[in-house]
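User: Hey, I'm new to this one. Can you walk me through a few of its local details?

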Amino acid sequence: MTRRKKAAWRPKSSKPWNDNRTDIVSPEQMKNANLEKYYKMQNILPAEEWNAFMERLKMPLPTTFRVAGFRETATVLNDLIKTTYIPTLSNAIDGEEVEPPAQLPWYPDGLAWQFNVSKQVLRKNPDFKRFHSFLVFETEIGNISRQEAVSMLPPLLLDVQPHHVVMDMCAAPGSKTAQLLEALHTPSSASTGTGTGTTAIPPGLLLANDSDHKRTHLLIHQSARLPSPSLLVTNLDASIFPTIRVGAECVGGGNGTRQLLFDRILCDVPCSGDGTLRKNVGIWLKWGVGDGNGLHSLQLRILQRAMRLLKPGGRIVYSTCSLNPIENEAVVAAALRSMPDFMLVPTSSSLPSLHRRPGLKSWTPAFTFGGKRELQFFATYSEYVAALGEKDEKKYTESMWPPEDQSEEAWDLTRCMRIYPHLQDTGGFFIAVLEKKALETLELKKRQADDTAPEIATKKPKLEEDVVLSDAAGAESSAIPTPSAVKEEEKPDVKGGGVPNNAKSLPLNKTKGKQSEETGGTFKENPYTFLSPDDPIVKACIDKLHLIPSFPDSNIFVRNPFGEPARSLYLTNDIVQSVILNNDYNKIRLMTAGTKLFVKQEGAKSSADDSEESNSKFRILSEGLPVVYPFVKPETVMDANLVTLRSLLEVYHPLCENFQQPFKDAIVARSSGCHILRFSEEKNDSGSLTHELVLPIWKSSVSLSLMIDKKAKSALSLRVFGQDITTAGREAASNQKVRATSSGTSIAAKDEETDQVVIAEDPEQANDSVNET
Ligand SMILES: C[S@@+](CC[C@H](N)C(=O)[O-])C[C@H]1O[C@@H](n2cnc3c(N)ncnc32)[C@H](O)[C@@H]1O
């Protein structure tokens, strides 16, 4: 379970950007004798760097953010930051040179930024204020993600491709999940930054898991910002993550089902979090050696489980925001020794402009005994055991000590990556990249080791599943003691919650209701019921949007046992559908899958009473449009210009007859219901659109509505027209003026009072768990 610290560690209120948390810990309190003693003993740094390291630990973190979302949108927004905002942000203020935001040099495509300006500057400088409100709006709608710089690293090193089967084992609140999803939707290598376009429906999948139910909801909220038919979210203990079955046709062909093995796994495990000291200043008061010691066993079990779920040739990134070797190198070393078919990938040449240090080869665990705070260091496990009194429990395992034999090059711990705060003004972090030997290498090794090799060589190659299972068996007989062996789960029972393997070839409506039969335990999610492509609502949605035949119309599901398209229709890709059909969603605690695509337009009136019209009451969600758009016949999309966009933003329901020609005639001729508008690049006196934009509208009998939410409208308005021209935006501005005038307080003074530089806080920060970045 997560080690969540008590109330004293949390902010009293949400303070998004005020990192200098003097409300909790004064600068004088930023010291901890045990912490210093412990890390000095570990020799984490050369002596001459120690002071710089400690000084930096006491300073607030600079603000970092990432331009998020699908690659094309992100690139457009990033260009806007570079061309519109940055040139205005380098003025001297009161004679003081202000550093404009700078791109993190190691982040692909320059999509991540860092800035470090005082609140005074943000208050005084109108250009910074303008930049700030741009960031606020774009963050609220998910185009910008405020994330610690070091926390952006693990997904980059995982090198996810669209065809990969990926798992994020400890995913909540989901900032790294969002990056992984982006990579899954970006053809070509996301890590090298060469990705350009977007894959609307990638063939691979991302399974994001977290054992904390509440935090899993945050994760779902976060990842909904990037609609993906390839996403699954589960709520399980990663250290005993069950076997997932999938139709053989999705994993190389054949009949029946196979165990789903992963190409890529991120283990961003729960940790003591002392690398986040600059942000979570409460750690200065609370840090204890027991935090890391107590987590070692869980961390190791999670990593070992990931290793068993990995395909041959696959890759795992293990990461923590802790500096403690017990949670880092010790876990990696023990895991490698328990499964010798893995190697550590050298990381020194990846992301060349990132300053990092190699992993440690030696360290000395420390403990406190008898309620005393004094640390006792033990160079070996046997010294520790010898020091225990008769009544003392032998709580810790040998795996916490450095391995004696470190001659194996493939397990060289210096291949791990350590990031320290003083190296490039970040938090502290640890990353190890592990790879499992490819199938051919494994088989060759088996043959060499086996006297009966010639006989085996004539047999069919082993299934991936068999190889993994035999590895697991090997692991359990390994000489290295591990905190607790993970049992290989039995194949899940597919009868209650799943359907036969050939479900897709069965009439799909036969699956309706099946999964609702078993709703054991406390898991109370609605079932997943796939609709037949012949379902009248599915057909109406497809017809209305003029989708081409390659649209995966048999992958649409609803979340009720009866297959009633009551409110929302969701879309998966083939492999996610196969996971849903071949597993009991209760047993795998499947919280959500795929992406919501169509929703019923409440209050929509049909102009005719026939059922075809009433089926057209469903509309495409704006978030789902990027997924569907590649399947829309281009000639059915309506062209519109900036004048039309302005009217749609300024008024909630502009009348069709008030639009300019030629759009007026075109929209009048359309039936009521959902339509898609396309705006091309354009510049006029009032605004400028630098990229093609597609938006959904709803036509009632006489008027139109732009079907994006208020915040998205405001953000779009700021981007295109340089100001918030929306009804909501105008109302908010005039209310603010009235409030300021009636209280006699200027808006600037108000800012001073709140003492914040505000961009909507990311949920990670809102939850303020000490053990994460
Ligand atoms: C460091 S945080 C993950 C941060 C996340 N990767 C991100 O970037 O937003 C660790 C997470 O592990 C979860 N966790 C703790 N124990 C777990 C377990 N046994 N299995 C799965 N998740 C666990 C916690 O709930 C927490 O959300």
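Predicted model: local features only at pLDDT ≥ 70, side-chain atom pairs only at ≥ 80, totals over all residues.

User: Where is Arg 589 found?

Analyst: In the loop between helix H18 (574-582) and strand S23 (590-593); helices (H or I, at least four residues) and strands (E, at least two) are DSSP runs, numbered from the N terminus.

User: And what about the phi of Arg 589?

Analyst: Arg 589 has a positive phi of about 40°, though it is not a glycine. Most residues other than glycine have a negative phi.

User: Okay, now Asn 43: what is its phi?

Analyst: Positive too, about 50°, and Asn 43 is not a glycine. Asn 43 sits in the loop between helix H1 (33-41) and helix H2 (50-57).

User: How many C-beta neighbours does Asn 43 have inside 10 Å?

Analyst: Asn 43 has 13, so it counts as partly exposed.

User: Switching topic: is the peptide bond from Ala 172 to Pro 173 cis or trans?

Analyst: That bond is cis, with omega near 5°. Pro 173 is in the loop between strand S7 (165-168) and H7.

User: And from Gln 661 to Pro 662, what's the omega?

Analyst: Omega is near 5° there, and the bond is cis. Pro 662 lies in the loop between helix H21 (642-650) and helix H22 (663-669).

How values were computed
Residues numbered from 1 in each chain as written. Buried ≥ 20, exposed ≤ 12 C-beta atoms within 10 Å, placed from the backbone.
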